[in-house]
Amino acid sequence: MLQKTQGIVLHVLKHKDTSNIVDVYTELNGRCSFIVPLSRSKKSAVKPVLFQPLSIIEFETNIRPNISLYRIKEARAAVPFTSIPYHPYKSAIALFLAEFLYRVLREEDKNLPLYSYLTHSIAWLDACEREFANFHLVFLMRLSRFLGLYPNLDDYSRGDYFDLLNASFTSVKPQHHAHYIKGDEAYAITQLMRMNYDTMHLFGMSRTERGRCLVIMNDYYRLHIPGFTELKSLAILQELFI
């Protein structure tokens, strides 16, 4: 039975000369993999150009049990982008976040709050005209809520350590591992936890501070997500934007 749904493009892998395999985080079925033909015909119901990093698409497919690779019957842009594909900094952010989500979103069940958060964030980035330098940091911090990894800020006092392994602030230096930060770096994480997209421009961060926060957050996810491998797009983002 055909089903109409929406999804966010996470990853595209060339399968054959005539098709790609595309991983999509869908609204109704969580993460799914689809085979997409590489037809360049103007009459094609599935145009390959739609499947760019973080593109939000609406499509028809047939989701059936015991099948790991589905086919898309028709597809169109659910949220047509006006800036992400054409802005070098936004394109770098999209490439990085798409790869990041490809690593962490593995569930095959519907999660409407998470899907809503992702689509709202992507649309916000596309519409934003300036002062989005901290966007990817705020995105990653707030994403941790949906994955059950959001640190508890209630017990924080200035000067505490942030224990990355146990996702908590502590006044005592962790003794059994080296996965912690202290002082100004720990304080910077608390500031990041208070930001949202509308207020993040009020928190001044230098290029060095922003770069360090990204490394810390990448390490944090790597500690808590099994099989979280090195992100190829991280270096690109660091060179272009941080």
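Reader: In what order do the three strands of the open sheet stand?
Author: Keep in mind that this is a predicted model, where local features need pLDDT of at least 70, side-chain atom pairs count only at pLDDT 80 or more, and totals for chains, interfaces and linings use all residues. Residues are numbered from 1 along each chain as its sequence is written, and side-chain values use heavy atoms, with hydrogens and water left out. Strands are DSSP runs of E of at least two residues, and helices are runs of H or I of at least four, numbered from the N terminus. Two strands pair if DSSP finds at least two bridges between them. Here the order is E7-E6-E8, with antiparallel pairing.

Reader: Why is one side of E7 and of E8 left without a neighbour in the sheet?
Author: Strand E7 (168–170) and strand E8 (180–181) are at the edges and have a single partner strand each, so one side of each lacks a neighbour there. E6 (residues 161–163) joins E8 over two antiparallel bridges, and Phe162 faces Ile181 of E8.

Reader: Which residues touch the most other members of the largest nonpolar core?
Author: In soluble globular proteins, nonpolar side chains tend to be buried together. A nonpolar core is a set of buried (under 20% relative accessible area, 1.4 Å probe, protein chains only) Ala, Val, Leu, Ile, Met, Phe, Trp, Tyr and Cys residues joined through side-chain atoms within 4.5 Å. In this core of 60 residues, they are Leu118, Phe135, Phe139 and Leu143. Helix H1 (88–104) is one of its suppliers and gives the most, ten residues.

Notes
Buried < 20%, exposed > 50% of the residue type's maximum accessible area, 1.4 Å probe, protein only.
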